[in-house]
Amino acid sequence: MSNLNAFLHPVQGDETREIIVSNRFLDENGRPVPFRIRALTQEENDAISKRSMRLVKGGRRGEKELDSTEYASRIIAAATLEPDFSSEELCKAYGTMDPLEVPGKMLYAGEYKRLMDAIMELSRFGDELEGGAKN
């Protein structure tokens, strides 16, 4: 019996989540405002990885490596739905017109890490399957 149907119709979970990254961003009632994030597909991750490659100085001709800082910026910008880092108003408020720079200017280091960790978890990085992998 084929299990093809399971691959054609995967169980759809909630692929978005709200998280409190910081107590510094408060609504009019003084409550922390959550960031809304979404899961990234492997196809999106591959595209982000390719865009984050840089030539290695002093390396072999054409040798490239992943720029981890740019990779993290691109992951956060792609997976964060709210706030919209590409918003002209938000970019202006943080003194840049590059949406990739906004999270780094907006967030403290620990807040940035909390946001990145939540995106990675939602996108299933490091997930262990129950019972382990079977051969």
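Colleague: At 43% relative accessibility, as what does R124 count?
Modeller: This is a predicted model, in which local features need pLDDT of at least 70 and side-chain atom pairs count only at pLDDT 80 or more, while totals for chains, interfaces and linings use all residues. Residues are numbered from 1 along each chain as its sequence is written, and side-chain values use heavy atoms, with hydrogens and water left out. Buried means under 20% relative accessible area, exposed means over 50%, and partly exposed lies in between, using a 1.4 Å probe and protein chains only. With its 43%, R124 therefore counts as partly exposed.

Colleague: What is the value of phi for R124?
Modeller: R124 is found in the segment after helix 6, where helices are DSSP runs of H or I with at least four residues, strands are runs of E with at least two, and both are numbered from the N terminus. R124 is a residue other than glycine, yet its phi is positive, near 70°.

Colleague: Which residues does S123 touch, not counting those up to four places away in sequence?
Modeller: S123 also lies in the segment after helix 6, and with a relative accessible area of 11% this residue is buried. Contact means heavy atoms within 4.5 Å. Leaving out residues up to four places away in sequence, S123 touches R38, A39 and L40.

Colleague: Where is P83 placed?
Modeller: The peptide bond that joins E82 and P83 is cis, with omega at about 0°. P83 itself has its place in the loop between strand 5 (80-82) and helix 4.

Colleague: How are helix 3 and helix 6 oriented to each other, roughly?
Modeller: Their axes, lines fitted to C-alpha atoms over the stretch in contact, are 10 Å apart and meet at an angle of about 70°, with angles running from 0 to 180 degrees between N-to-C directions. Angles under 35 degrees count as roughly parallel, over 145 as roughly antiparallel, 65 to 115 as roughly perpendicular, and the rest as oblique. Helix 3 and helix 6 are therefore roughly perpendicular.

Colleague: How many nonpolar residues has the contact of helix 3 with helix 6?
Modeller: In this contact A72, S73, I75, I76 and A79 of helix 3 meet Y112, L115, M116, I119 and M120 of helix 6. Ala, Val, Leu, Ile, Met, Phe, Trp, Tyr, Cys and Pro count as nonpolar, Asp, Glu, Lys and Arg as charged, and the others, Gly among them, as polar. By class, the contact has no charged residues, 1 polar residue and, as nonpolar residues, 9.

Colleague: How far apart in space are R74 and L100, C-alpha to C-alpha?
Modeller: R74 lies in helix 3 and is buried, with a relative accessible area of 15%. Beyond four places in sequence, R74 touches I48, R51, S52 and L100. R74 and L100 are 26 residues apart in sequence, but in space their C-alpha distance is 6.3 Å.
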